[in-house]
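Work through the exercises below with the structure open beside you. Try each task before you read its solution.

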Amino acid sequence: MDTATALTVSLLAGLACVVVVMTATALRARQLGVVAVVDVAWGLGFVVVALVTALVGLGADGADWHRWLVLAMVAAWGGRLAWHVRSRALGAHGGEEDPRYREMLGGSLQEVGIGTAVRRVFLVQGVAQWFVSVPVAVGAVLALEHTWVLVLGVVVWGVGLVVEAVGDLQLNDYMSRPRDERPPVMDQGLWGWTRHPNYFGDACVWWGLWLAAAASTGWVAGLATVLCPVAMTLFLRNVTGAKLLEKKMSQREGWDEYAARVPMFFPRPPH
């Protein structure tokens with residue numbers, strides 16, 4: 001395939017993957033009565049997109065080996081996230097609805113119906129998932145031009161993955177302690193640098209993937225897709241991530257002092 005055709009096919013293949021994943025997830029949510037299952041599909045959906053678009057690259061004239069590296073990066077991040085979210089859903093939430101989604105829906109799935117859940121959750125996350133994955137789909141059918149950008153992307157991705165994973169582990173340790181033996185607000189480790197190290201790490205992962213997948217193939221692809229990691233960062237900070245979670249967390253004792261001391265998103269050394 002020539003480049004233009006390969007790009008079109010890759011983007012459409014990515015869109016088809018998202019539609020299939022989100023449709024299957026909505027059906028599973030209706031079966032379980034819990035919308036939060038979409039969080040498991042969030043990470044895995046990106047893995048599916050990366051895999052299918054990498055296979056599309058087999059027929060592209062300009063594609064090369066770097067798409068397989070990007071696939072490995074997406075798979076490592078998405079697999080870890082899906083496992084973590086599944087463990088959290090079975091543990092901390094006990095199979096019940098995540099409070100974030102109850103807030104977003106305006107009630108439980110049984111109360112609002114699957115149609116409302118599709119419009120407010122599955123459609124929104126599906127569109128976001130496809131848009132954010134565009135650099136991966138684009139890079140899968142283009143040739144590597146700037147190795148140093150690829151290396152930089154791997155470094156940024158690696159830092160983000162470590163921050164996200166360590167933040168999750170520290171929070172799990174905090175949550176595993178009896179309620180009367182732990183402080184009302186988690187402010188230790190990375191949580192003393194930023195109120196949401198997991199979301200900040202997630203954003204870094206996708207800036208790294210943008211660099212490794214798209215920007216490394218040239219400035220045109222990089223510039224054309226730069227809004228994708230921007231959208232992911234805004235999504236994590238202002239939509240289903242930090243901002244929504246803080247509506248609940250702000251009710252805890254000691255939250256105001258913690259929020260005044262620790263930045264919401266971008267880390268800052270404790271003082």
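**Exercise 1.** Which residue forms a salt bridge with Arg261, and how far apart are the closest N and O atoms?

*Solution.* Before starting, note that this is a predicted model, in which local features need pLDDT of at least 70 and side-chain atom pairs count only at pLDDT 80 or more, while totals for chains, interfaces and linings use all residues. Residues are numbered from 1 along each chain as its sequence is written, and side-chain values use heavy atoms, with hydrogens and water left out.

Step 1: recall that a salt bridge is a side-chain nitrogen of Lys or Arg within 4 Å of a carboxyl oxygen of Asp or Glu. Step 2: the partner of Arg261 is Asp187, and their closest N and O atoms are 3.2 Å apart. Step 3: this pair links distant parts of the chain, since Arg261 belongs to helix H12 (residues 255–261) and Asp187 to the loop between H7 and helix H8 (197–213), 74 residues apart. Helices here are DSSP runs (H or I, at least four residues), numbered from the N terminus. Step 4: for accessibility, buried means under 20% relative accessible area, exposed over 50%, and partly exposed in between, with a 1.4 Å probe and protein chains only.

**Exercise 2.** Find the residue that forms a salt bridge with Glu246, and decide whether the two partners are buried or exposed.

*Solution.* Step 1: Glu246 pairs with Arg195, the closest N and O atoms being 2.8 Å apart. Step 2: Glu246 lies in helix H11 (residues 242–249), whereas Arg195 lies in the loop between H7 and H8, 51 residues away, and the pair again links distant parts of the chain. Step 3: both Glu246 and Arg195 are buried.

**Exercise 3.** Which residues are linked with Arg80 in a network of salt bridges?

*Solution.* Step 1: the network consists of Arg80, Glu164 and Asp168. Step 2: within it, Arg80 and Glu164 form a salt bridge whose closest N and O atoms are 3.5 Å apart. Step 3: this pair joins helix H3 (residues 66–90), which holds Arg80, to helix H7 (residues 147–176), which holds Glu164, across 84 residues of the chain. Step 4: Glu164 has a relative accessible area of 2%, and is therefore buried. Counted by the rule in Exercise 1, the salt bridges come to five.

**Exercise 4.** Describe how helix H6 (residues 114–139) packs against H8.

*Solution.* Step 1: two packed helices are described by the angle between their axes and the distance between the axes. Axes are lines fitted to C-alpha atoms, for helices over the stretch in contact, and angles run from 0 to 180 degrees between N-to-C directions. Step 2: the axes of H6 and H8 come within 8 Å and cross at roughly 25°. Step 3: angles under 35 degrees count as roughly parallel, over 145 as roughly antiparallel, 65 to 115 as roughly perpendicular and the rest as oblique, so H6 and H8 are roughly parallel to each other. Step 4: contact means heavy atoms within 4.5 Å, and it is made by Val132, Pro135, Val136 and Gly139 of H6 together with Trp206, Trp210 and Ala213 of H8.

Technical notes. Helix = DSSP H or I, 4+ residues; strand = E, 2+ residues; numbered from the N terminus.
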